[in-house]
Amino acid sequence: MINVDYKDRRPIYVQIIDSVKMMISTGALSRNEKLPSVRALSMELGINPNTIQRAYSELERQGVIATVQGKGVFVYSTSESVNEEKKREIAQKISALYVEAESLGIEREELERLISEYDKRAGKNGGAPENGGSDK
Amino acid sequence: MIEIKNLSKTYESSGTRSLDGITMNVKDGSVLGLIGTNGAGKSTLLRILAGIYRQDEGEVLIDGQEVFDNNSVKSTIAYISDDQLFLPSSTLGDMSRFYANLYRNYSAESFDRLVKEFGLDPNRKVNTFSKGMRRQGEVILALSICPKYLLCDETFDGLDPIMREFAAGKIMSEVARRGMTVILSSHNLREMEQFCDGMALIHGGKLLINKSIDEMRDNIYRCQAVFTGEAALDGVIDAHSVKRTGKLVSFIATGTAEELEAKVKTAAERSLCSVTYFEALPLTLEEMFSYELNSRGLNKLIYKELTEDVG
């Protein structure tokens with residue numbers, strides 16, 4: 001499902017791009033699978049077709065999807081290549097967070113403690129799982 | 001194409017100048033959001049475009065022709081008024097037959113299909129419908145006209161979220177299929193992004209902002225940068241809403257992401273330090289408008305009214 005949330009800070013075309021990548025990454029969309037047409041998607045989501053077109057053009061530029069003249073839009077990337085890109089994004093986010101944490105004076109040990117705490121909540125590394133894993 | 005040149009309109013009864021020299025074009029196949037507070041002149045503009053009112057000064061050309069008293073042009077325009085217009089004690093079916101006589105390209109097949117899809121009874125009297133159902137009825141009739149131009153005056157404000165999405169989907173599908181041009185008015189900014197590729201802000205009868213959303217978005221960013229030392233932005237970047245938390249500096253500035261990154265590097269070099277981290281994040285529609293209004297020295301009141309939730 002390609003999803004758009006109007007409360008999300010990201011522009012709608014970015015949300016569509018991320019949504020398609022997520023579906024490829026999780027295996028919900030596999031290589032050579034057909035994507036809905038611009039018109040079908042704009043009708044389904046109630047979104048301006050130019051916005052959908054922009055998302056599709058960007059995905060095509062990145063080599064994630066490919067247009068076959070007269071046939072439609074198809075998935076071109078494999079989940080591995082999308083995941084590789086996701087990993088790079090995560091690495092970037094972590095370095096940004098690390099810099100921010102550093103500037104706030106949060107020590108490296110503190111960050112490591114936060115990660116192992118998360119592991120414990122999620123039931124990893126032999127820690128006891130909790131319901132839902134969220135603390136209030 | 002819709003061409004509006006130096007358009008003005010004063011209401012004789014009250015003497016209010018509702019439109020004051022508006023000039024703008026609306027390209028075919030685009031969806032324009034007409035934004036403004038109550039009384040800004042949105043409805044007046046739409047009524048002139050629909051050929052209901054006549055302007056005092058200026059010109060409105062649709063496909064190169066004057067609209068007022070021009071039946072062949074008016075036959076290509078569907079207008080969904082803010083006040084709902086149905087013949088007394090009519091059904092949607094009656095209205096459909098009535099419209100079929102007025103509009104050249106009216107499609108009874110499209111009406112039958114849409115009535116089923118929306119789940120409305122065409123033989124039930126419209127005055128027994130809820131307000132939302134009547135709105136849906138108006139959207140069905142307007143789309144059955146197969147208009148080249150669709151003018152909606154706050155049409156979506158009265159629909160619940162699910163029906164809103166559904167009705168919008170039907171309209172957007174016509175934009176995609178045959179390049180229908182749409183102008184939507186609203187006094188709320190928040191939910192316009194999904195529909196529109198262009199936004200026009202009217203205030204006090206004047207056009208303050210008229211830009212494509214992509215053009216706006218690709219030229220303004222909230223930047224976050226981390227420097228190795230104290231970097232002065234002044235003189236290099238025209239930064240707004242600057243916030244500093246430790247080494248992290250965040251600000252809003254105009255330019256493409258690449259231009260801004262280059263400027264941030266220059267700022268660092270001048271202050272004899274370097275950039276360890278840079279990110280350009282897109283602004284929301286609300287933030288972009290707030291920035292535009294502030295940069296023109298306009299008070300925040302307009303913005304506040306535009307972003308408050310309706311109802």
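Predicted model: local features only at pLDDT ≥ 70, side-chain atom pairs only at ≥ 80, totals over all residues.
**View 1**
If we take the contacts in chain B between residues at least 6 apart in sequence, 69% of them join residues at least 24 apart. The mean pLDDT of chain B is 90, with 97% of its residues at 70 or more. Which elements of chain B sit at the two ends of the mean pLDDT range? Helix H4 (residues 108-118) of chain B has the highest value, 97, while helix H10 (residues 300-307) of chain B has the lowest, 67. For the model, ipTM is 0.80 and pTM is 0.83.

**View 2**
E7(B) pairs with strand E6 (residues 77-80) of chain B in the parallel sense, over 4 bridges. Within that pairing, Tyr149(B) is the bridge partner of Ile77(B). E7(B) also pairs in the parallel sense with strand E8 (residues 181-186) of chain B, over 5 bridges. There, Cys152(B) has Leu184(B) as its bridge partner. To follow the chain from E7(B) to E8(B), trace it through helix H6 (residues 161-178) of chain B: these three elements make a right-handed β-α-β unit.

**View 3**
The buried residues of H3(A) are Pro49(A), Asn50(A), Thr51(A), Ile52(A), Ala55(A), Tyr56(A) and Leu59(A). A handy rule for reading the helix is that an α-helix has 3.6 residues a turn, so residues three or four places apart point the same way. Within chain A, the buried residues of H3(A) pack against helices H1 (12-26) and H2 (38-45) and strands E2 (65-68) and E3 (72-75). Their packing partners also include H6 of chain B. Just after H3(A) comes Gly63(A), with a positive phi of about 80°.

The domain assignment of chain A gives domain 1 (12-78) and domain 2 (80-121). The C-alpha centres of these two domains of chain A lie 29 Å apart. Between them, 6 residues of domain 1 are in contact with 5 residues of domain 2. Turning to the partner chain, 21 residues of chain A are in contact with 28 residues of chain B. On the side of chain A that touches chain B, H2, H3 and helix H4 (79-103) of chain A each supply at least two residues. H2(A) gives the most, with 6 residues.

Phe86(B) has its place in the loop between E6 and helix H3 (92-102) of chain B. Phe86(B) counts as partly exposed because it has 19 C-beta neighbours inside 10 Å. Which residues does Phe86(B) touch, leaving out those up to four places away in sequence? They are Met95(B) and Val126(B). The C-alpha atoms of Phe86(B) and Val126(B) are separated by 7.6 Å, although the two residues are 40 apart along the chain. Ser89(B) is also found in the loop between E6 and H3 of chain B. With 10 C-beta neighbours inside 10 Å, Ser89(B) counts as exposed.

**View 1. Positive phi at Asp69 and Ser89 of chain B.**
Most residues other than glycine have a negative phi. Asp69(B) has a positive phi, near 60°, and Ser89(B) has a positive phi near 45°. Asp69(B) lies in the loop between strand E5 (65-66) and helix H2 (71-74) of chain B. Asp69(B) counts as exposed, with 9 C-beta neighbours inside 10 Å.

How values were computed. Residues numbered from 1 in each chain as written. Chains lettered and ligands numbered in written order. pLDDT = per-residue confidence, 0-100. Pairing = 2+ DSSP bridges. Right-handed = clockwise from strand over helix to strand, strands pointing away. Buried ≥ 20, exposed ≤ 12 C-beta atoms within 10 Å, placed from the backbone. Contact = placed C-beta atoms within 7 Å. Domains from an automatic or database assignment.
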